[in-house]
Amino acid sequence: MVSRSLRLTACALAAVMAFSNVSITADASSAGSVLPSGGVGLSLTNNATALNNIAGTENKNVRVTKTVVAKTVSTGDVSEEENFKNLVIAQVNDYVNIRSKPGEDGEILGKLYDDSVGENKGVVNDWIKIKSGTVTGYVKAEFVVTGEEAKTLAKEVGTRLAKVTTTTLFVRQEPSTEASIISMVPIDEELVVMDEVDGWAQVDTQEGLGWVSKDYVKLRTEFVEAESKEEEEARLAKEAAERRRAREAAAAAAAAAAPAATQTQAPVVTYSGEASEMGAAVAEYALQFVGNPYVYGGSSLTNGTDCSGFVMSVYANFGVSLPHSSAADRSQGYAVEGGLENAQPGDLICYSGHVALYIGNGQIVHASTSKTGIIVSDAGYKRILAIRRIF
């Protein structure tokens, strides 16, 4: 692992945005960034063999990819910003090992990934004791930042979110109950906060930036935390099981759709062993509904659907059950590393208050707004929170 420069100037600029981003790059406005949010996985994948090979060292050069469940610590108010000085934030290529004692001979208890945070529990020589998620242990001080540097960087790596607490929340053009309504958001949806004024939060919606009353949302700032060895093993097993179930469901749906005479011959449905072929089939199926209407709360691919209803109904055709919630979609399947360049057709592209299906070549198909209906768009038209793969 190699400590990297912090580009604190960019961080300070990001602070003006009032916790509007949690990008794993330093560019707070990057449309291609993949952001951990609301209990969703960070966009990474795992190579178990490589992890085993370097488990006993603080290897400075090996680039290991991984998938991290975005466990979070939350702060309930902007006034708690001062507490960010008590954070420890990893600044490494991949991760820094958390050890049982302050030394290379300490047992590895877990990993603190790049831009992930922990609580500072004290310094022992060139080691810092931290608590992050379920892991308490020691990390090398050279691979993390603390104090004022952490306070500034926290505003870049943390995501300020507003979770809707009322059945239907109106998003308004201006921070006033007299302002026109530009969007409606269902309960439990989560929106990225761009700014805050007395009693109001500016949020990012599919219809553009708008304002919501703080009386009807729960505000928090989230950070990705460490992953213990046991949690990593459990996560990998769960992801493998979910992929297997999704593929089996797709095969069963394909078999059920076959002519009855063919079914009596017990056909074997395969996709040449390539999950990407199943994703491509999902994308192709979804595209036939372009031009159909958007209906808030709907799930009909022909008569009207909203964004999550569209994704849910498309995948239902392949025997896969997804929730009718764009916030919940951020925790479905498993995370995709590296942004859009590693996305495959059929992947879920998750945004603030919105979800779409990737169709390849940097494009998505989605139930966009009541004005546009179901359309094809550039996937990078706004900041991406997560990319999730089902198969």
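Author: Start on the outside. F170, I181, M184 and Y296 form a nonpolar patch on the surface, and together they have about 330 Å² of accessible area. Accessible area here comes from the Shrake-Rupley method with a 1.4 Å probe, and for residues only the protein chains shown count as cover. A patch takes residues with over 30% relative accessible area and no salt bridge; nonpolar side chains (Val, Leu, Ile, Met, Phe, Trp, Tyr) are joined within 5 Å, like charges within 9 Å. A salt bridge is a side-chain nitrogen of Lys or Arg within 4 Å of a carboxyl oxygen of Asp or Glu.

This is a predicted model, so local features need pLDDT of at least 70 and side-chain atom pairs need 80 or more, while totals for chains, interfaces and linings use all residues. Residues are numbered from 1 along each chain as its sequence is written, and side-chain values use heavy atoms, without hydrogens and water.

Strands (E, at least two residues) and helices (H or I, at least four) are DSSP runs, numbered from the N terminus. F170 counts as partly exposed because its relative accessibility is 36%. Buried means under 20% relative accessible area, exposed means over 50%, and partly exposed lies in between (1.4 Å probe, protein chains only).

Now go inside. Buried residues make up 52% of the 391 residues in the protein chain. In soluble globular proteins, nonpolar side chains tend to be buried together. A nonpolar core is a set of buried Ala, Val, Leu, Ile, Met, Phe, Trp, Tyr and Cys residues joined through side-chain atoms within 4.5 Å. The largest one has 28 residues, and F310, V311, Y315, L348, L357 and F391 touch the most other members. Helix α7 gives the most to this core, with five residues. That helix is mostly covered: nine of its 10 residues are buried. Among them are F310, V311 and Y315.

Beyond its neighbours within four places in sequence, its contacts (heavy atoms within 4.5 Å) include V311, Y315, L357 and I390. Apart from this core lies another, of 13 residues, with V88, A90, I98 and V144 among them.

Next, the rings. Rings of Phe, Tyr and Trp (its six-membered ring) pair if their centres lie within 6.5 Å; planes under 30 degrees apart are stacked, over 60 edge-to-face, and the rest tilted. That rule gives six aromatic pairs. Y95 and Y113 are edge-to-face, 5.8 Å centre to centre, with 75° between the planes. Y95 sits in strand β5 and Y113 in strand β6, so this pair ties together parts 18 residues apart in sequence. Both Y95 and Y113 are buried. Y285, F289 and F318 form one aromatic cluster. There Y285 is partly exposed at 21% relative accessibility, whereas F289 is buried at 9%.

Last, the charges. The chain has 15 salt bridges. E190 forms one with R330, the closest N and O atoms being 2.9 Å apart. The pair links distant parts of the chain, 140 residues apart: E190 is in strand β14, R330 in the loop between α8 and β21. E190 is buried, with a relative accessible area of 6%, and R330 is buried at 0%.

Methods: Contact = heavy atoms within 4.5 Å.
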